[in-house]
Amino acid sequence: MKFWGVRIASILVAILLSFGLEKLGRGTDSFTQQLIVFAGLYVTLAVSLNLINGITGQFSIGHAAFYQVGAYSSAYLGIKFYPQFHGNLFVWLTLMALVGAAMAAVAGLIVGLPSLRLKGDYLAIVTLGFGEIVRIVIQNQKALGESGGLNVAPHTTEQPIMFVALLAVLCIAVCRNLLKTAHGLPFLAVREDEVASSAMGVNVTATKVIAFALGSAFAGAAGAIYANSLGFINPDLFNSTLSISVLSMVVLGGTGSITGSALAAMILFYIPEKMRDLKDVRLALIIGGLLAVGLAVSAIRYVIFNVHKSAAIRAAMHVGIIIGSVVIAEIVAFALGKIPALAGTVEGAKLRLVVSAVVLIVLMLVRPQGVFAHHEFSWSWVQKLMGKKAPSTEVAA
Amino acid sequence: MAAVDLSTLPQQLVTGLLIGAIYALVALGYTMVYGVLKLINFAHGEVFMLGAYVTLFISWSLGYTPGNVLAGGSWGALALMFVGSMVACGLIGALIERLAYRPMRSQPRISSLITAIGVSLLLQYGGQIFLLDGRPQNVDPKVSPAQGNFSIPLKPANSQLLAAAKALEANMAATKDAYEKAAEGKDKFNLPDDVKKLRSTSQDAERSYNDAVGKAENSSVSIILPKGQVIMLGTTLLLMAGLTYLVLYTKRGRAMRAVSQDFDAASLMGISVNSIVTFTFILGSSLAGAGAMMAATFQSGTKIDTFFGVLPGLKAFVAAVFGGIGNIPGAVLGGLLMGISENLVVWAGYPGYKDAIAFVILIAVLMFRPGGLLGSNKVEKV
């Protein structure tokens, strides 16, 4: 009884929170509303990729393909059938999300099959190739608007904030419950050791295929909403850059951590969006920044590998290094700014993906397991922070 | 729907072979790095891109700037661009290895792969800040003194068609003569009816003669080889031969093979593993530099941007897998076949799918022959 009580309560809280977000979002301008929607979509994408990459350990860098399949199936059906549809927009979006999810799941199955034979970097390049194939095939279909793209029929003038929030919550909930129950153990087992897990009776094939299908289904649902929210789609929106930025969210958050993916998705979505507003960034500052990042990384690596003091001292050293490198960046930027050749400025928008790249490299050098590693946010963790000892309920690390 | 014209097939095959030379050069870099480190060097395509930029900047500093018309090409300039691009790319490759890959060597392979993706992204988008300057970025094709084409006749014109054309020629001359005689001294814009009739017969005869000549000419087949691209293919084969010699018959090559077999055992045998890995990166990257220089120079109208290396890089990787990764002749074979298959897709009437064929090949190879064409056919475990 207690189980169902907690469950129903959390579902109600999720709906209430989404509703609250919707009410809050309605007060802002349409651009901000769209940003909120996109952030929710990125959370869905990152968490669903994390199911494939982090939890099952099948390294995929073609997530944009599933997103695209969802977006195009929703757009195509919307153009065909929305004019005859007389119902609530919410119902239509639900239908489209389901269709997008189904289509993407089929695509996920198709990719999952070669993954049965491939591992590691080969699988990565096959998923990348699959993403490109999907994009090129769609680009050559007359019915799908070729490279010109499609104008999606129900262009939701009111952004579906609540819908997206619910989708993201659903995605997180499915992944979280999977990990908390016995159904999720095979996924973790496959990640750790395929041979051993198959010896223990885990159906490795089915696990991998389910991971791919489930992860891509959520991406497809997100894609369906994306098409309706943006009102216009073309194949260029789904290139490999998108896959790689979602990948960097998963990597930043910590491969295997749902909390990490969700938070990293929002942060890595928000920072580049903010950088669009930066008109002029000084060239000298960029060079100084890159230099300082390099210095900080090597200093932190030195601390990690060579300093064996208490955790507090090492944390203080990390903070010191970071502050020091910010100071160095400013000094170098000031000095370089005196050189006339480096006096120019760069639009902030151009730096957006440089940030992603630097995050990927620095993270791999300093903390390859990601910020959260495999830890999750949990109440027992909060209680521990407050000083109470609580029994851990985690099924697996 | 696709109209397949068999008579153009030889030309398409040859064009594909010439384009494939670039893929082959880039694939060599992938295959060597993979052979030694078991790492897909995602940044290899970006090294290729930087090589094209080095080529471009050297050609600009030699005076081949946009809008500046120089009389002709020079072999010296070409050699300078070639060497400059190779040296610069070798340095860049060594630098990337030292800064990004070496610290990751003790980590799981996926970490190195993510680092490689990061480096590639950084070079693509960081390059946009530093490399673009608003000028049209393509190497002036006039740098190369080897202009024009070689033409190889395959099949002479059909003799029957030629004879038919000859027969029509006499008829045409006769009708023209008749018309000109009749029209002599008359107002050209106000001819009597019988002269008009003569004129139209003469015009018809001329038309059918021209048709016959065209048909006869079309029945002959010849292959056109742009001279620059022939140089490209020749250089590729030379470099491959040099590389094969280096790997198979020199001490350093033997060390490379040892490292690729077993890291630890090689270091126990007194091989400096780090310097061999660096050497491999220098070698592979400078080959990419050579390829980039030739791709930018000999394919006229090639636009360079910071994404210049993405597709060639991916395709060359596929070529390396196709030929058997870790295998030098395999990489060249794979590259040439890649160029050919790409051209065949265009020839068959699906130009939109040109870039997809590489990945289709990749998936097919990995599904059915994971070792590649020339590679050992062992299925990889873990």
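Two residues are taken to be in contact when their C-beta atoms, placed from the backbone, lie within 7 Å. The structure described here is a predicted model. By this criterion, and leaving aside neighbours within four places in sequence, V318(B) is in contact with M338(B), A358(B), F359(B), I361(B) and L362(B). V318(B) also belongs to the largest nonpolar core, which holds 218 residues; together with A46(A), I225(A) and L28(B), V318(B) touches the most other members. Helix α1(B) gives the most to this core, contributing 16 residues. Another core, of 5 residues, lies apart from it and includes A165(B), A205(B), Y209(B) and A212(B).

Confidence was examined for chain A. The mean pLDDT of chain A is 85, and 96% of the residues score at least 70. Among the elements of chain A, the highest mean pLDDT, 91, belongs to helix α9 (residues 204–230), whereas the lowest, 74, belongs to helix α15 (residues 379–386). Where pLDDT is low, the predicted coordinates should not be read in detail.

The contact between the chains involves 34 residues of chain A and 33 residues of chain B. On the side of chain A that touches chain B, two or more residues are given by each of α5 (120–139), α10 (240–253), α12 (283–306) and α14 (352–366) of chain A. The largest share, 12 residues, comes from α5(A). In composition, this side of chain A comprises 23 nonpolar, 5 polar and 6 charged residues.

Chain B is divided into domain 1, made up of 8–149 + 224–368, and domain 2, spanning 157–219. The C-alpha centres of domain 1 and domain 2 of chain B lie 57 Å apart. Strand β1 of chain B covers residues 149–155, and strand β2 of chain B covers residues 221–226. These two strands pair in the antiparallel sense over 6 bridges, and F150(B) has L225(B) in β2(B) as its bridge partner. Of the 7 residues of β1(B), the number buried is 0, so the strand lies largely in the open.

L39(B) counts as buried because 20 C-beta neighbours lie inside 10 Å. Beyond its neighbours within four places in sequence, L39(B) is in contact with V33(B), Y34(B), Y101(B), R109(B), S112(B) and A116(B).

Key
Residues are numbered from 1 along each chain as its sequence is written. Chains are lettered from A and ligands numbered from 1 in the order in which they are written. This is a predicted model: local features need pLDDT of at least 70, side-chain atom pairs count only at pLDDT 80 or more; totals for chains, interfaces and linings use all residues. Helices (H or I, at least four residues) and strands (E, at least two) are DSSP runs, numbered from the N terminus. Ala, Val, Leu, Ile, Met, Phe, Trp, Tyr, Cys and Pro count as nonpolar, Asp, Glu, Lys and Arg as charged, and the others, Gly among them, as polar. Domain bounds come from an automatic or database domain assignment. A residue is buried if 20 or more other C-beta atoms lie within 10 Å of its own, exposed if 12 or fewer, and partly exposed in between; C-beta atoms are placed from the backbone. pLDDT is the predictor's confidence in each residue, from 0 to 100. Two strands pair if DSSP finds at least two bridges between them. A nonpolar core is a set of buried Ala, Val, Leu, Ile, Met, Phe, Trp, Tyr and Cys residues joined through C-beta atoms within 7 Å.
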